[in-house]
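Take a look at the chain shown here. This report walks through its parts one by one.

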Amino acid sequence: MQISKTDFIQYLHCPKSLWLLKHKPDDYPHGEFSDYAKKLAAEGYEVEAYVRQLIEAGEDAAHFSFQTVFQTDRGLYAKADMVRTNEDGSVNLYEIKSSTRVKTDAQHNQIKDACFQTIAAEEVGQNVRDVFIVHLNGDYVRDGDVDPQALLTFSKVTSDVRDIAEEIRAEIDQALVLLDATEIDESSCSCLTLSKANHCDSFAYFNKDIPNPSIYNLPRISKAKLETFIGEGRFDLDEIGLDEVTDKQAFVLRSAQLKAPVIDHAALSSWFSKAEYPLYFLDYETYASAVPIVDGARPQSPIPFQYSLHVKRTPDDLELVHVEYLADEAALPRAMVEHMQQHIGPTGSVISWHASFENTQNKTMAKQFPDKAEFLNSLIDRTLDLEDIFAAAYVDIAFGGSTSIKKVLPVLASDLNYAGMAVANGTDAMEAWKRLIVMAAGEDRDRLRADMLEYCKLDTYAMVRIFEEMERI
Ligand code: SF4
């Protein structure tokens, strides 16, 4: 069976999930991992266009080729992003990445990518002299047309690749053996003793007998504790004692056993004691691109392009004020901040969900626009995170051990949901904005704009409804 570089990276992440993809593609859940891989690939092509521009403007352009395939008899398939043929007949290999550094973390080790390419090239008889990772320069700030020379960094990784070549050769051999196997043990997988954050989309396939909810819904459960419960065959939360878990885990466990929400009224009151009217429910949408699309931005730095604001002026306010903004062109968000200044007064709490995200944008914008820093810093000082309630004051096993608004909303306000919306999450919103800013005026553009506004509006209205439900309690 053939193994590509992408397959090999998945093998390193998890051999069983690659086997499932190759042997039972209909059973393979194409979830977040696939979406993430697609996003990286799309960004890689975008960066490659600038690499081509740079190379084609150089004197030795004729020595370079792009997307060169190396296919070996034993099934290795590698497509090198760029190859330079040197005067002595040897080649240099270039892997083009959309990151701002050479990544060597466990999730994605780019040296291993480059090593796979090198091994494939050498197995078909190439003499590889040097290997480079071409990535983005994180310090580059766009100013007018993109300057490929300043945007790109060529990092030589030849010795790093040589250092791990033997290890990678052995892993490729093992991957080929696994892929040739027509059967594997499908009754469990090695993430059994790891917390939910480590599980991929295939966990349920390989662990069909584990109930839902289970011990994996206990937040921040340690490996040692998981091993104890698994060793005793206890996966069901009804089989776990309150004295066997931490206070935070006991919160979730009690809810699972009672099959009802568990509320810490003191913690809830403490959160509400900090909320001051008028309340401003605020949500941003941001766009992050590998190559900055506006002047003043850096590679991979998010740019807020939209916000929704619901204002609840008093506790009995029955007529919420709704304000929204959506940028029609690619630009740093000065106009958006000015719009917010007109609608967010000097007093009252700002409420967001997972507020560190909004406040990171506020901090970045305060640096970009020093004359707006006082206003943006006051938003940071006045922000309350509604998500905190669901970590420490109100837990329902129906949230599945999660504090995401996408899990909480259907339980607390079941009449509101994102299903069926043309723009239904942050990634959709990003994609939609990319299209919107280049679309000609007309019906299609108006519809897309309306879909984007509707989505962001639901985000803040959902917060109001959840807030009111908690306030009532
Ligand atoms: S959950 Fe199972 S299939 Fe998924 S990465 Fe972990 S071991 Fe592999």
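Predicted model: local features only at pLDDT ≥ 70, side-chain atom pairs only at ≥ 80, totals over all residues.

## Helix α1 and its partners

Two packed helices are described by the angle between their axes and the distance between the axes. Start with helix α1 (residues 5-13) and helix α6 (residues 158-180). Their axes come within 11 Å and cross at roughly 90°. The two helices are therefore roughly perpendicular to each other, since 65 to 115 degrees counts as roughly perpendicular. On the α1 side, F8, Y11 and L12 make the contact. On the α6 side, the residues are I168, E171, I172, Q174, A175 and L178. By class, seven residues of this contact are nonpolar, one is polar and one is charged.

Now turn to α1 and helix α2 (residues 15-23). Here the axes come within 5 Å and cross at roughly 135°. That angle makes α1 oblique to α2. From α1, the contact uses D7, Q10 and Y11. From α2, it uses P15, S17, L18, L21 and K22. The contact of α1 with α2 holds four nonpolar, two polar and two charged residues.

Strands β2 (residues 64-71) and β3 (residues 76-85) run antiparallel, joined by seven bridges. One example is F70, whose bridge partner in β3 is A78.

## The five-stranded sheet

Strands of a sheet pair through backbone hydrogen bonds, either parallel or antiparallel. In what order do the five strands of the open sheet lie? The order is β10-β9-β8-β11-β12, and the pairing is mixed. At the edges are β10 (321-326) and β12 (383-385), each pairing on one side only. Neighbouring strands are turned by 25° against each other on average, direction ignored.

Strand β8 (residues 279-287) and strand β9 (residues 303-312) run antiparallel, with nine bridges between them. In β9, I303 is the bridge partner of Y287. Helix α12 (residues 355-368) packs on the sheet and touches β8, β9, β11 (350-352) and β12. The direction of α12 makes about 75° with that of β8. Helix α16 (residues 426-436) packs on the sheet too, touching β8, β9 and β10. The direction of α16 makes about 65° with that of β8.

## Around the ligand

Which residues surround the ligand? They are C14, C189, S190, C191, H199, C200, S202, F203 and F206. Six residues of this shell are nonpolar and three are polar. None is charged.

## Backbone details

Most residues other than glycine have a negative phi, and most peptide bonds are trans. Where does R220 lie? R220 is in the loop between α7 and α8. Its phi is positive, near 50°, and R220 is not a glycine.

The loop between α7 (203-206) and α8 (223-231) also holds P213. A cis peptide bond joins N212 to P213, with omega about 5°. Another cis bond runs from Y277 to P278, with omega near 0°. P278 sits in the loop between α10 (265-273) and β8.

Key: Residues numbered from 1 in each chain as written. Heavy atoms only, no water. Near = heavy atom within 4 Å. Nonpolar A, V, L, I, M, F, W, Y, C, P; charged D, E, K, R; others polar. Axes fitted to C-alpha atoms, helices over the stretch in contact; angles between N-to-C directions. Helix = DSSP H or I, 4+ residues; strand = E, 2+ residues; numbered from the N terminus. Parallel < 35°, antiparallel > 145°, perpendicular 65-115°, else oblique. Contact = heavy atoms within 4.5 Å. Pairing = 2+ DSSP bridges.
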